[in-house]
Amino acid sequence: MTTTEMPGADAGFRAVNITKHFAGVPALSGISFALRPGEVVGLVGHNGAGKSTLLKTLAGAHRYDGGELYLDGEAVNFSNPSEALAHGVATVYQELSLLPNLTVLENMWLGHELIGARGLRKADMAEQAQALLDEFGLDLDLEKKLETYSVATRQLLEIAIATSKNTRYLLLDEPTTSLEGEQIGHLLTYIKRLVQKKNVGILLVDHKLDELYDVADRIVALVDGKVILDADAKGINHEDVVRAIVGNDAAEVAIQEQATRVAKDFTDAEVALEVKCLRGPNLNGVHLTTHVGEVVGLYGLVGAGRTEFLRTLIGVEPLEEGELRVFGKEYRPKNPTDAMKHGFAYLTEERKIDGIVPRMSSPQNVALPVLKNFSRKGFLQSGRLKGMTSDFVKKLRVKGDVSGPIEELSGGNQQKVLIARTLAQNPKILLLDEPTKGVDIGVKAEIHALLRTMAQEGISLIVVSSEEEEILEVSDSVVVFAGGQSTCDPLPVDQLSIAKLREMAWSNK
Ligand SMILES: Nc1ncnc2c1ncn2[C@@H]1O[C@H](COP(=O)(O)OP(=O)(O)OP(=O)(O)O)[C@@H](O)[C@H]1O
Ligand SMILES: [Mg+2]
């Protein structure tokens, strides 16, 4: 055996045969791999494959129950994340962990404030914090509360903070899922810089292979808690990675996703929603019409107003002007409960903030908005409720212990539970904001098929997505948003292409 083959002998962060169980169920079953300084390893795998668990185990947030970890040749077993951090291992988790009600500056120094003889060295802290923001290209006000910024910005800040410490190994769990367009490019560039300039080793979890191929030197794929592939990124193509992760059959579906569809004609179909000249604080004129059985895709750049539009429809954002009709009847959005009575259901983009109730089970999360439909004379008909919710959880093939707290499910499976929740409301008009965010390639194809089926069953769907492929795959027609406006009448999907979508979104900027 040469020295480089000896476990833990060389520079790097090396896992040897690591196992981790939750209540006797294996989440990691003998993981061996290494992360070397100055390289980016892309970690992929289906929802529930064990990616987050692996990161948490490497970062000291979970104790492993078998195997060994070596940091530059030395055996380590971190008892908590601060210990890992002290060894130069920093992590940014799938869930945000900064505190929204503290200021940007307070968040940046939380737990390691600079203290001098005369108390907090606020000026020094502000100076160093500003330098880090500049380096990262983040234009934030240090004194503002974090809650005033978007989730995307908070995510970028969290990564900036993680890299500010003496970080040699950086573990990132799906950092791009809450980012869009330019922000993603920005982050990927920053990752490359960290590797080149500071020789940091980065483990990056991401479901979007294009992004991974942009930065990763190696691709490691997990299936059911085992490493199924560990290859040089240059030596393996996308299709082979997809096949490794999802198995052959599902891979064919995912690979064929782009097959062109012939657009159906909806001119004679019943109109579900009609919106004319809608205006709000950030909306300057939205027009669109949707039909029963139709999927309308909303495409646009970050901040184009798509999410605000959906939130205005359900009465969360104020409507200033505009004419709205739901199945021919005038509609004035008041609040989400009233919107639900009018047949709307809404899937939020930000499951991390206003999506799940973490300690409740999956069926309880599904049931929340419809509880009162299942009570008679003040009593909850729990049998009927259970049947309904578990049907939906099954239909979406939620994997993991669905009777336990939802926070213990993998990120992608939590998203499936939220989709189940909107279906349980039996909507006539379904509003979905980035429905497959954080969902693996195989499940994504399943969700697309499910949305198409729902349309065929007579629901009218509006789907916001920033992924052109997704828009083209699920929509019958597409409306492009720019600067708070809809820029066109719904265009049939067969007249569109990725290039055309981008051109429309940019030319109206
Ligand atoms: N705290 C926990 N308690 C119990 N089980 C857990 C816990 N965390 C994760 N699991 C289980 O471990 C398995 C692996 O989950 P993990 O979150 O690591 O998946 P993942 O690969 O990150 O998936 P995703 O792509 O959906 O984020 C799943 O079956 C999950 O339900
Ligand atoms: Mg995960």
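This is a predicted model: local features need pLDDT of at least 70, side-chain atom pairs count only at pLDDT 80 or more; totals for chains, interfaces and linings use all residues.

Mentor: Start with the polar contact: a pair of N or O atoms within 3.5 Å; within protein, one must be able to donate a hydrogen and the other to accept it, and residues adjacent in sequence count only if both atoms are side-chain atoms. Residues are numbered from 1 along each chain as its sequence is written, chains are lettered from A and ligands numbered from 1 in the order in which they are written, and side-chain values use heavy atoms, leaving out hydrogens and water.

Trainee: What makes Thr53 and ligand 1 a polar contact?

Mentor: A polar side-chain atom of Thr53 is 2.6 Å from an oxygen atom of ligand 1. That value is within 3.5 Å, so the pair counts.

Trainee: Which elements give two or more residues to the shell around ligand 1?

Mentor: They are α1 (51-58) and α15 (411-424), and α1 gives the most, with three residues. A residue is near a molecule or strand if one of its heavy atoms lies within 4 Å of it. Around ligand 1 there are 18 residues, of which Gly48, Lys51, Thr53, Ser410 and Gly412 come nearest.

Trainee: Why is Ile447 called buried?

Mentor: Buried means under 20% relative accessible area, exposed over 50%, and partly exposed in between (1.4 Å probe, protein chains only). Ile447 has 2% relative accessibility, so it counts as buried. Ile447 belongs to helix α16, and its contacts (heavy atoms within 4.5 Å) include Ile419, Thr436 and Val439, not counting residues up to four places away in sequence. Other buried residues of α16 are, among them, Val443, Leu450 and Met454.

Trainee: What makes residues 441-456 a helix, and how does α16 compare with its expected span?

Mentor: Helices (H or I, at least four residues) and strands (E, at least two) are DSSP runs, numbered from the N terminus. With 16 residues, α16 has at least four. The expected span is 1.5 Å times one less than the number of residues. At the start of α16, a side-chain oxygen of Asp440 comes within 2.9 Å of the backbone nitrogen of Val443. Gly458, with a positive phi near 105 degrees, follows α16.

Trainee: Is Ser475 buried or exposed?

Mentor: Its relative accessibility is 0%, so Ser475 counts as buried. Ser475 sits in the loop between α17 (468-474) and β23 (477-482). Its side chain reaches the backbone oxygen of Ile471 at 2.6 Å and the backbone nitrogen of Gly297 at 3.5 Å.

Trainee: What is the phi of Cys277 and of Phe327?

Mentor: Cys277 has a positive phi of about 45 degrees although it is not a glycine, and Phe327 has a positive phi near 45 degrees. Most residues other than glycine have a negative phi.

Trainee: How do you know where the predictor is confident?

Mentor: The chain averages a pLDDT of 86, and 94% of the residues score at least 70. Confidence is lowest in helix α9 (residues 248-255), at a mean of 58, and highest in strand β22 (residues 460-464), at 97. Over residues 1-5 the pLDDT is below 50, and beyond near neighbours in sequence this stretch has five contacts in the model.

Notes:
pLDDT is the predictor's confidence in each residue, from 0 to 100.
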